[in-house]
Amino acid sequence: MEGKSKKLFRRGNERIIFCVFTGIMLAVYLFEFFIIIPKIEASDPSFNRNIHVFFGTIILINVYLSVWKFLVTDATSGSRVLPSALENGWRYCWRCEANSPPRSHHCFICDKCILMRDHHCHLVSRCVGHATMRYFISMIFNMWIALIYANVLNFDFVHEVYHSFTAKSLLTMFVPWLAWLLGITESETFFMAIMMSICLLGFMYCTVMLVWHGRNIARGRTNHEMNKSIGFNYDLGVAENLRQVFGENWKYAWISPIIPSSLPGDGINFPQRMSAPQEAKGI
Ligand SMILES: [Zn+2]
Ligand SMILES: [Zn+2]
């Protein structure tokens with residue numbers, strides 16, 4: 001069911017955004033393990049570096065595996081033959097010159113019809129849809145865990161820089177570039193302020209994304225359906241909704257994006273509340 005996209009990126013700016021995004025994740029990892037952890041070790045000899053290196057590396061690998069699965073998974077109908085006559089709930093897509101199944105929409109950035117389209121993710125330049133929702137959530141979830149971890153490790157140093165509300169600390173906090181250019185902040189403090197801001201803002205972004213999309217998934221509806229207040233019939237109960245997105249192994253699939261978990265649906269036909277299996281209705 002999962003095919004491979006022929007080209008990873010269609011445009012140069014997509015490649016730049018992708019490189020910046022994946023580069024920032026690597027920069028945060030290197031910042032924690034080459035700058036923050038040695039500082040913690042210097043002030044606390046009982047601090048066990050190896051445990052943190054182990055868990056941090058596992059989380060980073062999970063982020064990159066999620067990105068890779070998200071990139072190479074085809075969210076379109078691929079080589080499947082779609083009916084030539086318009087069926088109930090289907091639409092004709094003038095761009096693709098083909099009939100488009102229920103819940104699918106044309107993405108003008110991907111320039112394809114995406115099955116059960118949710119939204120276009122600019123970080124990876126791919127559409128989140130039936131086949132890719134699991135990897136998108138896995139990517140955001142692992143980034144969220146990584147950034148909570150980083151913010152906890154950074155806490156003492158955030159406190160050290162920002163504990164007093166002096167002009168110097170306020171400038172370093174809100175306009176580190178200006179503070180650095182004016183010579184108020186040393187280069188090292190400026191660099192740390194930038195990295196800590198990335199960790200804090202990244203954590204806030206991932207939290208908002210997880211809450212918003214987690215709520216949609218729990219209700220069995222896409223972003224588009226939530227915004228338009230439609231698609232109520234696709235809500236099969238929380239457990240069944242999770243199975244539709246994370247696959248048959250939905251209870252374990254969240255641990256790693258490479259845990260096999262085949263999706264129960266094909267992205268073209270969807271069980272609905274009235275026609276759902278009896279066991280799914282009562283969940
Ligand atoms: Zn289309
Ligand atoms: Zn798209």
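A: A search of the whole structure turns up 2 cavities of 30 Å³ or more, a cavity being a set of points, on a 1 Å grid over the protein atoms alone, where a 1.4 Å probe fits but cannot get out. This is a predicted model, in which local features need pLDDT of at least 70, side-chain atom pairs count only at pLDDT 80 or more, and totals for chains, interfaces and linings use all residues, while side-chain values use heavy atoms, with hydrogens and water left out. Residues are numbered from 1 along each chain as its sequence is written, and chains are lettered from A and ligands numbered from 1 in the order in which they are written.

The largest cavity holds about 190 Å³ of space, where a volume is the space filled by probe spheres set on grid points joined across faces, edges and corners. Its lining (residues with an atom within 4 Å of a point) consists of 20 residues, and R103, M116, G220, Q244 and V245 are those that lie nearest the centre of the cavity. Helices α6 (187-218) and α8 (238-246) each supply at least two residues of this lining; helices (H or I, at least four residues) and strands (E, at least two) are DSSP runs numbered from the N terminus. Helix α8 gives the most, with 3 residues.

In α8 the buried residues are E240, N241, Q244, V245 and F246, buried meaning under 20% relative accessible area, exposed over 50%, and partly exposed in between (1.4 Å probe, protein chains only). Two of them, Q244 and V245, belong to the group nearest the cavity centre. Just beyond the end of α8, G247 adopts a positive phi of about 90°.

The model also has open space to compare. Strands β2 (98-100), β4 and β6 (126-128) each contribute at least two residues to the pocket lining.

Donors here are N, O and S atoms within 2.8 Å of the metal (3.2 Å for Na, K and Ca), and sites may look incomplete because water is not among the atoms. One pair among them links distant parts of the chain, with C107 in strand β3 (residues 105-107) and H120 in strand β5 (residues 119-121), 13 residues apart. C107 counts as buried because its relative accessibility is 1%, and H120 is likewise buried, at 9%.

The zinc ion (ligand 1) is coordinated at 2.1 to 2.3 Å by C93 (SG), C96 (SG), H106 (ND1) and C113 (SG). Its arrangement is tetrahedral because the 4 donor atoms subtend angles of 101 to 125°. The donor spacing is C-x2-C-x9-H-x6-C, and C93 in strand β1 (residues 91-93) and C113 in strand β4 (residues 112-114), 20 residues apart, form a pair that joins distant parts of the chain. Both C93 and C113 are buried.

Elsewhere, helix α3 (residues 133-162) contains N142, which is buried at a relative accessible area of 5%. Apart from neighbours within four places in sequence, N142 is in contact (heavy atoms within 4.5 Å) with I59, N62, V63 and S66.

For the chain as a whole, there are 10 helices and 6 strands, and 44% of the 283 residues are buried. The mean pLDDT, the predictor's confidence in each residue from 0 to 100, is 88, with 92% of residues at 70 or more. Residues 1-5 fall below 50, and this stretch has 15 contacts in the model beyond near neighbours in sequence. Residues 276-283 are also below 50, with 12 such contacts.

Conventions. On a 1 Å grid over the protein atoms alone, a cavity is a set of points where a 1.4 Å probe fits but cannot get out, and a pocket is an open set with protein on both sides within 12 Å along at least five of seven lines; lining residues have an atom within 4 Å of a point. Four donors count as tetrahedral if all angles lie between 85 and 135 degrees; four count as square planar and six as octahedral if opposite donors are over 155 degrees apart and all others between 65 and 115; anything else is irregular.
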